[in-house]
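Thanks, everyone. I will keep this short and go through one structure, piece by piece. Please look at the sequence and the model for a moment before I start.

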Amino acid sequence: GIKMGGQLCSAESLRARFASWLLPRNLQDSYHVFISYRQGGLDSQLTEWLFHKLSREVDLLDEAVAVFLDKRRLERGRNFRDDFAEALMRSMVAVPVISSFAMQRMMTLEADSPCDNVLLEWMLILELMACGKLGRCMPVMMGPEEP
């Protein structure tokens, strides 16, 4: 246990007390923000920073802002596409990071290319916006990396 306020607290009681601040790796019932990005380069650095910055904020009810970032929320062994689609449908705001890096692979796609998950996320964002199931889309635009 850990002493807190002069009392010895068990791990279970600490987990219960601070549950809204602990970052679960499994899917949650809802998210305030869903971050979509291409893994690698500055995109990963920016989204990691954004995840941590937003996760420290609180909403109007003094609850932690729930942020979905795949590498922080998805579990190994589960279906990636099903889980990110489910998380996106449970989100209020989508933040797609639209960068030169993210677009490079999309520019070379052909009919027989494997599915591009970033493009799939962006298409789902547009569909959810069109049918009123997503509150906002707030894209972050980034140009090419400079040496």
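I begin with a single side chain. K53 is partly exposed, with a relative accessible area of 42%. Keep in mind that this is a predicted model, so every value I give is computed from it. K53 sits in helix α2, which covers residues 41-55. From its C-alpha to that of S99, which is 46 residues away along the chain, the separation is 20 Å.

S99 takes us to strand β5. How many of the nine residues of β5 are buried? Seven are, so the strand, residues 91-99, is largely enclosed by the rest of the structure.

Now the partners of β5. With β3 the strand runs parallel, and five bridges join the two. Y31 is placed opposite S91 of β5. With strand β6, residues 136-137, the pairing is also in the parallel sense, over two bridges. There, V93 has R136 as its bridge partner. Strand β7, residues 140-142, pairs with β5 over three bridges, in the parallel sense. S99, the residue I used for the distance to K53, is bridged to M142 in β7.

Next, the packing. The largest nonpolar core contains 16 residues. Which of them have the most contacts inside it? They are F34, F68, L88, W122 and I125. At least two residues each come from β3 (31-36), α4 (80-89), α5 (100-106) and α6 (117-130). The largest share is that of α6, with four residues.

Take I125 as an example. If we set aside its neighbours within four places in sequence, I125 contacts S36, L88, A94, P96, L134 and C137. Apart from this core there is another one, of 11 residues, which includes V33, F51, V65 and V67.

Let me stay with α6. The helix has 14 residues, and from its first C-alpha to its last it reaches 20 Å, close to the 20 Å expected at 1.5 Å a residue. Its buried residues include V118, E121, W122, I125 and L128. Where do the buried residues fall when seen down the axis of α6? They lie within an arc of 125°, so they line one face of the helix. On the face turned away from the buried side of α6 are the exposed residues L126, E127 and A130.

What covers the buried residues of α6? The cover includes β3, α4, β5, α5 and β6.

The two ends of α6 deserve a remark each. At the start, a side-chain oxygen of D116 comes to within 2.9 Å of the backbone nitrogen of V118. After the helix comes G132, with a positive phi near 75°.

Last, α4. In this helix D83, F84, A85, A87 and L88 are buried. L88 is also among the residues with the most contacts inside the largest core, and it is in contact with I125. The elements covering the buried residues of α4 include β3, β4 (67-68), β5 and α6.

To put it together: β5 pairs with β3, β6 and β7, and β5 is part of what covers the buried residues of α6 and of α4. That is what I had.

Methods: Residues numbered from 1 in each chain as written. Predicted model: local features only at pLDDT ≥ 70, side-chain atom pairs only at ≥ 80, totals over all residues. Heavy atoms only, no water. Core = buried A, V, L, I, M, F, W, Y, C linked by side-chain atoms within 4.5 Å. Buried < 20%, exposed > 50% of the residue type's maximum accessible area, 1.4 Å probe, protein only. Contact = heavy atoms within 4.5 Å. Pairing = 2+ DSSP bridges. Expected span 1.5 Å × (residues − 1). Arc of directions from axis to C-beta. Polar contact = N/O pair within 3.5 Å; in protein donor to acceptor, adjacent residues only side chain to side chain.
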